[in-house]
Amino acid sequence: MLHAKLDLAAIRMPWLNREFLLRASFVALFVLLTYQFPWRWLRFVTSAAVLRISSSLGMATARVSFDTIRIQGQLFRVVIACTFVDVFMGSIPLLWDVRKSLLRNASRLLAVAVIFFGLNLVRLEIAQVLYFRGVPWTLADEVLGGFAYFAVWLFLWRRTWRLLREV
Amino acid sequence: MQRTPTHPALGFLVLGALLVSSPTTPGQSCSFKPVLQGRVCTKPGAPCKPPTVGSGNVGKCTTEGLHPEELACECQGSPTPSYNITLSPLSPTYIDTDVATSTITVIAFNGFTGKVDFSCTVSGVPHPAPSCANPASATVTNGSATSLLRVSASTSAAEGTYTVTVNAVDGHGRPPDNGSQSSTVSVSHVRWILMGGGRISLLTFVALLALWSVRLLWRDKRDA
C-alpha cells in the first residue's frame with residue numbers, strides 16, 4: 001500500500017495543525033472552482049482514451065458526442081467526476097510546497113496529473129471489463145471509484161504529512 | 001461597333017481622367033475594414049452589416065487618410081437598432097425520454113430594446129422527432145436578454161440526431177442580423193451510464209477512510 005511507516009507518536013496529528021486546516025480549506029475551494037468549468041476538452045480526451053483502450057481489448061466502440069461513447073452497444077457519458085480533474089485540483093493545495101520554486105511545484109503537479117490521468121483510465125477500463133463480464137455497474141465503477149479515491153487519499157496523506165512535518 | 005481611340009495618347013488621357021474622377025480604380029478591389037460599432041461592408045454598394053439608416057446604408061469606397069492609394073469600404077449612415085441571437089449547445093447532447101435545454105441570448109446593437117419572440121423547429125429524419133415548445137419571449141432592456149429552449153423526447157421519439165432551429169422576430173417583425181440559429185440533439189433509447197464517481201464511490205471512500213483511521217488510532221495507541 002501507499003501508506004508510509006511513520007512514527008505517529010512523535011508528531012502532532014495534522015488535523016490539529018493550522019497549516020493543514022488552511023490547506024484543507026483550499027481543497028474545498030479548488031474543488032468547488034473545478035465544477036465551475038465544463039472541462040469539455042478533458043472529458044473528450046478521457047472518453048477518447050477509454051474508447052481506444054476498449055477498442056484494443058476487442059470491444060465494439062463508437063463515438064457518439066464529445067463526452068458520450070458507445071461500447072458494446074451501451075452508451076457511456078463521461079462527466080467531470082469521471083476525469084479525476086476534481087481530485088487533481090483538490091490535491092494541489094495539499095501537494096504545494098511553499099519552500100520550493102513555482103517551476104518545481106508546477107513540474108511536480110504535472111507529474112501528478114499524468115499519474116492521476118493514468119490511474120483514472122485504469123480504473124475506468126477495469127470498470128468496463130467487469131461490467132461486460134456481468135458485474136453490476138454500481139459495483140464495477142462506483143465501488144472501484146471509491147477505492148481509487150482512497151488510493152489517492154493515502155498518497156496525499158503521506159505527502160501532506162511529510163510537508164507539514166518538515167515545516 | 002465600338003470606337004477605339006485613334007491615337008494611343010488619347011487612350012492614356014481617358015484612363016487618366018477616370019483615375020482622377022473616381023476613387024475606385026478600375027480593376028482595383030475595395031478592401032473592407034470594420035468601422036465604428038462594428039459596421040462593415042464587403043464591397044462598395046453592398047449592404048452594411050448590421051444595417052444602417054439613411055444614405056449610408058450601403059457601403060461606400062473611401063480613401064484611407066494616411067494611405068490615399070488604398071481604398072476602404074465604409075458604412076457611414078447612423079446605426080439602426082438591431083440584435084443578434086446566440087444559442088448555447090443543447091445539453092445533454094443525448095436524450096432518452098428527458099429534456100435537453102439551451103440558453104438563447106439576445107445581444108442588442110445600437111441601443112436596441114424591446115420584445116423578441118422566438119419559435120423553434122426540429123428537423124431531421126427519422127420520425128417521430130422530439131418536440132420543442134416555442135421559447136418564452138425575451139425583453140431586451142439593457143443590452144441583452146435570455147430565454148430557455150427546451151427540447152423533449154418521449155418514448156415514441158425515433159432514435160437519431162436532430163437539428164433544432166430557433167427563429168426570432170422583434171416587435172417590428174425584423175429577424176436578427178445573424179439569422180436563425182441551430183443546435184443538435186440526439187435521441188437514444190439505449191440507457192446510457194454515467195461514468196465516474198457517484199454517491200456510492202463517496203460512501204466506499206468514507207468507509208475505507210473510517211477503517212483506515214481506526215487502524216491508525218489503534219496502532220498509535222499500541223505504540224504508545
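Predicted model: local features only at pLDDT ≥ 70, side-chain atom pairs only at ≥ 80, totals over all residues.
I started just after α2(A), where G58(A) takes a positive phi of about 90°.

Next I went back to the helix itself. α2(A) covers residues 40–56. I checked its length: at 1.5 Å a residue, its 17 residues should span 24 Å, and the end C-alpha atoms are 24 Å apart, so the two agree. Then I looked up which of its residues are buried, and got L42(A), R43(A), T46(A), S47(A), A49(A), V50(A), L51(A) and S54(A).

An arginine in that list made me look for a partner. R43(A) forms a salt bridge with D67(A), with the closest N and O atoms 2.8 Å apart. R43(A) sits in helix α2 and D67(A) in the loop between β1 (61–63) and β2 (68–71), so the pair ties together parts of chain A that are 24 residues apart in sequence. I looked up accessibility for both ends. R43(A) comes out at 13%, so it counts as buried. D67(A) is at 4%, so it counts as buried too.

How many salt bridges are there over all chains? My search of the whole structure found 5.

D97(A) is buried, with a relative accessible area of 2%, whereas K100(A) is partly exposed at 28%. R99(A) joins D97(A) and K100(A) in a network of salt bridges.

Last stop, chain B: the side chains of K115(B) and D117(B) meet in a salt bridge, 3.7 Å from N to O. K115(B) is partly exposed at 45%, and D117(B) counts as partly exposed at 29%.

Terms used
Residues numbered from 1 in each chain as written. Chains lettered and ligands numbered in written order. Heavy atoms only, no water. Helix = DSSP H or I, 4+ residues; strand = E, 2+ residues; numbered from the N terminus. Expected span 1.5 Å × (residues − 1). Buried < 20%, exposed > 50% of the residue type's maximum accessible area, 1.4 Å probe, protein only. Salt bridge = Lys/Arg side-chain N within 4 Å of Asp/Glu carboxyl O.
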